[in-house]
Amino acid sequence: MSTENLPQSPEQPPRKPRVAVVFGGRSSEHGISVVTAGAVLRAIDRTKYDVLPIGITLDGRWALTADEPERMAIVDRQQPSVDLLAESAEGGVILPVDPSNREVVYSEPGSVPKALGEVDVVFPVLHGPYGEDGTLQGLLELSGVPYVGSGVLASAVGQDKEYMKRVFTSFGLKVGPYTVIRPREWELDPAGARERVAEFAGEHGWPLFIKPARAGSSFGITKVDSFEGLDEAFEEARRHDPKIIVEALLRGREIECGVLEFEDGPRASVPAEIPPVQSHDFYDFEAKYIDSAPGIVPAPLTEEQTAEVRRLAVEAFDAASCEGLVRADFFLTEDGEFVINEINTMPGFTPISMYPRMWEETGVDYPRLVDLLVQAALRRSTGLR
């Protein structure tokens, strides 16, 4: 029988790519990650993408959350939490570790699991350990789901300040003086660890900055002016990470620069300067997120200095094998030399954060920035690349 005159089924419109925005997590930067997620959810183009918000609670449960970015903000100096946003206190989201199946499932005790549909790309806006450090990236690689940002190696290197500096040094980038106190050293020979730090101070002078080696948002950092403050500073750092990095003071200006991956490769934004914040010894968490320290964008640098820091930012991006985005932080020393302090592979991404502010000044507004990152992730495959 001829089908020529039979009614034709209307063509189904093409399915929009589905973006899972994953946020929260088990690190001390949980609240800032929630704030970042709120900004991304507000900015992402809903005519172009379907969006699935997934929050990770402080105890590691993957929770289905309401798509309500207005609830993801710091209010009265209190940070938001995934536990307050989760639709259930017990239900969990399951991402199958199967490259042939991208369907996310929601499960509650005593109920039939509910399919939430396929996910095409994950936007992981987690900061710190268990999210920004290569752990989540490894899970997504096993699942075969593309994701925004750097892969396993670059994420791990970008989280560990010691190995980050080792990589930069091997590529000829200048870093400041530092030493590392490993967990076993502090546990077995704390007197020897103190003595080594005292020798470091004798060589480079006080003050020193005692930091968790694998934390961010300036959590756990203490500026120490004498030997007497070391023990308290060590314990504060070890609340966030058993591995400690000790850095000498670098006198100069704090300069930041954003790197974004376009189709033709990474490019650097105009740089910004972080001026000293009154009532703060250094650019700590309160200065960054609570008191809203006003960074200067663009940084008041010469044309030559601007070109140099942009070049070095892209070099740092390439040295650590980064993808997607990076914020590179430098000191411009008193003798006019740029010294790289660190990179952040998932930098602060709130509306007041320096990374989106630098790119807006460069000509890429926040919604387009989010779109470019999602598009870059969709172009990449998982696995070796």
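This is a short tour of one predicted protein model, stop by stop.

**Before you start**

Residues are numbered from 1 along each chain as its sequence is written, and side-chain values use heavy atoms, with hydrogens and water left out. Because the model is predicted, local features need pLDDT of at least 70 and side-chain atom pairs count only at pLDDT 80 or more, while totals for chains, interfaces and linings use all residues.

**The whole chain**

The protein chain has 12 helices and 16 strands. Helices (H or I, at least four residues) and strands (E, at least two) are DSSP runs, numbered from the N terminus. The radius of gyration is 22 Å, close to the 21 Å that the globule rule gives for 385 residues, so the chain is as compact as a globular protein of that length. That radius is taken over C-alpha atoms, and the globule rule is 2.2 Å times the number of residues to the power 0.38.

The spans are about 95 × 55 × 45 Å.

The protein chain exposes about 17700 Å². Carbon and sulfur atoms supply 50% of that area. Accessible areas come from the Shrake-Rupley method with a 1.4 Å probe; for residues, only the protein chains shown count as cover.

How many of the 385 residues count as buried? The share is 55%. Buried means under 20% relative accessible area, exposed over 50%, and partly exposed in between (1.4 Å probe, protein chains only).

Contacts come next; a contact means heavy atoms within 4.5 Å. Of the contacts with a separation of 6 or more, 66% are between residues 24 or more positions apart.

Colour the charges. There are 38 positive and 62 negative ones, and their mean positions are 1 Å apart. Lys and Arg count as positive and Asp and Glu as negative; His and the chain ends are not counted. Each charge is placed at NZ of Lys, CZ of Arg, CG of Asp or CD of Glu.

**The domains**

Domain 1 is 18-148, domain 2 is 158-175 + 251-376, and domain 3 is 178-248. These bounds come from an automatic or database domain assignment. Taken over C-alpha atoms, the centres of domain 2 and domain 3 are separated by 25 Å.

**Stop 1**

Select Asp 83. Asp 83 sits in helix H2. Its relative accessibility is 41%, so Asp 83 counts as partly exposed. Beyond its neighbours within four places in sequence, Asp 83 touches Thr 57 and Leu 58.

Move to Arg 77. Arg 77 is in the loop between strand S3 (62-64) and helix H2 (82-85). Its phi is positive, about 65°, although Arg 77 is not a glycine.

**Stop 2: Ile 181**

Select Ile 181 in strand S8 (residues 178-181). Is Ile 181 buried or exposed? At 0% relative accessibility, Ile 181 is buried. Leaving aside neighbours within four places in sequence, its contacts include Trp 186, Ala 193, Arg 196, Val 197 and Ile 244. Ile 244 is 63 residues away in sequence, yet 5.1 Å away C-alpha to C-alpha.

**Stop 3**

Go to helix H7 and pick Glu 203. Glu 203 counts as exposed, at 61% relative accessibility. Its C-alpha is 9.8 Å from that of Pro 177, which is 26 residues away along the chain.

Next, find Pro 207 in the loop between helix H7 (190-204) and strand S9 (208-212). A cis peptide bond joins Trp 206 to Pro 207, with omega about 0°.

**Stop 4: Ser 269**

Select Ser 269 in the loop between strand S13 (265-268) and strand S14 (272-274). With 0% relative accessibility, Ser 269 is buried. Show what is around this serine. Neighbours within four places in sequence aside, Ser 269 contacts Cys 257, Gly 258, Arg 310, Met 358, Trp 359 and Thr 362.

**Stop 5: either end of helix H10**

Look for Pro 298 in the loop between helix H9 (285-290) and helix H10 (303-319). The peptide bond joining Val 297 and Pro 298 is cis; omega is about -5°.

Finish at Ser 321, in the loop between H10 and strand S15 (325-333). Ser 321 has a positive phi near 60° and is a residue other than glycine. Its relative accessible area is 43%, so Ser 321 is partly exposed.
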